[in-house]
Structure formats: structure tokens, C-alpha cells
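Here are some friendly notes to read alongside the structure. Keep the model open and look up each residue as you go.

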Amino acid sequence: MTTSTALLTDHYELTMLQAVLASGHADRRCVFETFARRLSGGRRYGVVAGTGRVLEALRHFRFGEAELTFLRERAVVDDRTLGWLADYRFSGDIWGYAEGEVYFPGSPVLVVESTFAEGVLLETLVLSILNHDSAVASAASRMTAAAGDRPCIEMGSRRTHEESAVAAARATYLAGFGSTSNLEAGRRHGIPTAGTAAHSYTLLHDDEREAFANQLSSLGLSTTLLVDTYDVTAAVELAVELAGPELGGVRLDSGDLVSQAHEVRARLDALGAHDTRIVVTSDLDEYAIAALAAAPVDRYGVGTRVVTGSGHPAAGMVYKLVSRENSAGRMEGVAKASQEKTSVGGRKFALRRRSTAGIAQAEIVGIDERPQDDGDDRELLVPLVRAGEVVAPTDVHTAREHHAEARAELPLGALRLSGGDPAIPTRYLNDWS
């Protein structure tokens, strides 16, 4: 039996529903949009992640007997609203940026076209997933860009909620990480998994020799030995003595990783273990990875920093009503005008303006009309749901491929780690010249 996602929401969405059912406005046609007013931390671009999870959650957004009983016992809404919820099925259309796409301030990453009643219920579900996954993917993309051809391993499960760990592993893989330590993410999403041993394994044994010998005997010469439990140099020499030059890898998890990597590489080479990989871990982020670029490192293991968005655990996305049917039956744009929280009314359409060489130049957003492609541009909004039915892929592998292509379009400055303006400007149609 599939668990309902209907109560992964906020109380006020149901009380709004009750009020509009009573007022007669529940069926007014509306457009809701999800966007970010700014990029976190002066980053140059963001990454859309979690769309596939939103679509899967939408399939199970149903108010069954258990959900209705809870709402009835807590007197959250009245009987009329409970009856409406019992029959709830989203029947509208959803457009959005393909999962893995890069976004900028004002990008309409998700557009929901439905009645007010159907669309208002999705706000928290959409934002809770997109804000988390996009924050993780945005950080992960910066890390994989800094790592270049060196693989990154996600290993942050112990630093976040157990379900967030699975979602984070998916988001990091989307953004170019090669594997995860999380087995549930491997089972659910088909992500490669990796892992060998922790310090506790070495400490269990009477000495390091016994620990290494047992690990090699059980896991084979391709395993990676953790060499910084005691003395790094002695451990490296012991590892090669036991495994020979075929030793798969050694891992460093503390200290000055740059200098240690150089020392370990030199010692491995002197012992003939030229192909033995050096894996580094220990609170890495995009800046630490960039600092290790000149060091003889083969792989990075990243934990806490990536699953928490590298200091920015939420992407800052909002879900706003931007157009609604008026009393005359016509659609009209609406917008919030609060200070520092303004929004732009009207249904948006977006394309990526590109040079003849295929490099992104601007985000062009049309209001209630489609921007014209000048021949090199790319439409950004794709159909995700039609008449309530999911029509887009929800797997992470498709999203991973899309991200690699989208990031490759960005100008070189987009990959800078220093704070600055977005890599390309967002221009509304009437501002473009």
C-alpha cells in the first residue's frame, strides 16, 4: 500500500480551501509559479532538482480515510471541505524547467495551471522538495565543477535526516557526483554505491597490520585502506607491504590534506604503487576541493557540506499566485507588492538566449506571451503534467544528463567560486533590446 503524501502540507492550505469553497471562488482558474528572487550566497547559478520527486509525490497526493479521519478529529476543516478532499485529484497542467536545468533569479522553474482549490494545496509539497533538493544540487554542482575529472563520492547520510539523506544522494548524483554511500539511494534510484571501512574497524583490531590484512583478505586488493588512524607514513608502507603495488587506494581523513597527499603520493610511487588511488575526505566543500586541485588526489569524499547545501540549506524558492480568473471570466496578472518581496504578475514563458556558439547570454522571460527564438535559443519550460497525468521522466539519470548539458552552455565565469552576480541576467520581455 502506497503512503499518501497529502498531509505533507501546512494547515493554512486547508483553511484557505475551506474559505474559498464557502465563497464560491474555489474553481476560479489560476496560475501559480515557483521561482527564486535571488541566488544563495552570491552564487552564479542554481540547479533545479527534485522535480521528479515532486511528480512522484503528486501521484500519491490523495486524502484517504486515515487522512480524513485525522482532519476530522482535529477539526482542521468542516465537513463540506472533507467531502471535497475525499474526491481530490489534481486535474490541471504543470510546466517546468527540466530537472537538472540551471536557473537564475526570476526563472519560472515550475508553473501550475489549475483551479485555485487544486493548485493552492500543492504549495508546501512543491517547496519542501524543490528547496531542499535544489540547494543540495546547487552546492554539488559547484563541487563537481571544482573537482573537474576527479570523481566525488557523496557520504553525508550521518549528517542529516534519514529521508533527507536519500534525497540528498539523488540530488548530488544529478549534479555530477559519481556515487553515494547511502544504500537506500542506491536501491530507490539506481545510484552507484561505494564504501570500505571507518576508523572503528582499525581500532577494533589488536594492531593496524591485522586490520589491513583482514580487510584485504575479505574485500580484495582493490579495496581502499584508511591510513590516518595512527601514523600515515607507517600505514602507507604497511599497506603496500601487505597488498603490493596492486593496492586499490588509500584514504586520508584528517590533517593538512594538501601536504599529506603529496607525501603519500611520493611514498606510494617510491614503493612501486603508482596506480594506487588517493581518496581524501574530512569536511570538504567546493573551496577545499579547489584548493586540492594541484595536489595528487584521485577522488573526493564529501559529506556534511554537500547535504546541507554548503552553508545554504534551502534554495529560497517561493510559490506565488501570478494570474487568476476575474469576475468577468478573463485571466489577469496579480502580484505581491510587499517591500523586498515583490513578484511579477502574469503567466511566464522562458527561453535561454544563446550565442551562435551555443553559450548562454540571458534568461528571457515573457509575460503572458512567448519570447521569440532568434535561431540559437532554447525553450526552458517543458510539460510535466497534462490534465493531471505525469508526462515527464522522473528518474535521476535523465536529469543528470540534462544538467551536464545545461551547465556546459554557461559562460566560463559561471564556474567561479567567488561571490558575484548571476552568470547571465534575467530579462523580462519588455526590457530586452
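1. Let's start with a term we will need: two residues are in contact when they have heavy atoms within 4.5 Å of each other. Please also keep in mind that this is a predicted model. With that in hand, look at V280. Leaving out residues up to four places away in sequence, V280 touches L252, L257, L292, V297, R299, Y300 and G301.

2. Now the overall picture. The protein has 15 helices and 19 strands. Its C-alpha atoms fill a box of roughly 85 × 60 × 35 Å along the principal axes. Of the 433 residues, 50% are buried. Among contacts with a separation of 6 or more, 74% link residues 24 or more positions apart.

3. At least three residues of the core come from each of domain 1 (11-136 + 312-429) and domain 2 (150-308). As general background, nonpolar side chains in soluble globular proteins tend to be buried together.

4. Next, the largest pocket, which holds about 860 Å³ of space. It is lined by 35 residues, and the closest to its centre are M155, R158, S181, R251 and T281. Two or more lining residues come from each of β6 (152-154), β8 (224-226), β10 (277-280) and β11 (299-302). Which of these elements gives the largest share of the lining? The strand to look for is β11, with 3 residues. Sorted by class, the lining has 12 nonpolar, 16 polar and 7 charged residues.

5. The second largest pocket has a volume of about 610 Å³. Its lining has 20 residues, and R53, A57, I129, E163 and R188 lie nearest the centre. At least two lining residues come from each of α2 (51-59), α6 (123-147), α7 (162-174) and α8 (183-189). By class, there are 6 nonpolar, 9 polar and 5 charged residues in this lining. Both domain 1 (11-136 + 312-429) and domain 2 (150-308) supply at least three residues to the lining.

6. Finally, find G50, in the loop between β2 (46-47) and α2. Is G50 buried or exposed? Buried means under 20% relative accessible area, and G50 has 0%, so G50 counts as buried. Its contacts, leaving aside neighbours within four places in sequence, are E99, I129, L130, D133 and R170. I129 is also one of the residues nearest the centre of the second largest pocket. The C-alpha atoms of G50 and S134 are separated by 6.7 Å, although these residues are 84 residues apart along the chain.

Technical notes: Residues are numbered from 1 along each chain as its sequence is written. This is a predicted model: local features need pLDDT of at least 70, side-chain atom pairs count only at pLDDT 80 or more; totals for chains, interfaces and linings use all residues. Side-chain values use heavy atoms; hydrogens and water are left out. Domain bounds come from an automatic or database domain assignment. On a 1 Å grid over the protein atoms alone, a cavity is a set of points where a 1.4 Å probe fits but cannot get out, and a pocket is an open set with protein on both sides within 12 Å along at least five of seven lines; lining residues have an atom within 4 Å of a point. Grid points are joined across faces, edges and corners, and a volume is the space filled by probe spheres set on the points. Helices (H or I, at least four residues) and strands (E, at least two) are DSSP runs, numbered from the N terminus. Ala, Val, Leu, Ile, Met, Phe, Trp, Tyr, Cys and Pro count as nonpolar, Asp, Glu, Lys and Arg as charged, and the others, Gly among them, as polar. Buried means under 20% relative accessible area, exposed over 50%, partly exposed in between (1.4 Å probe, protein chains only).
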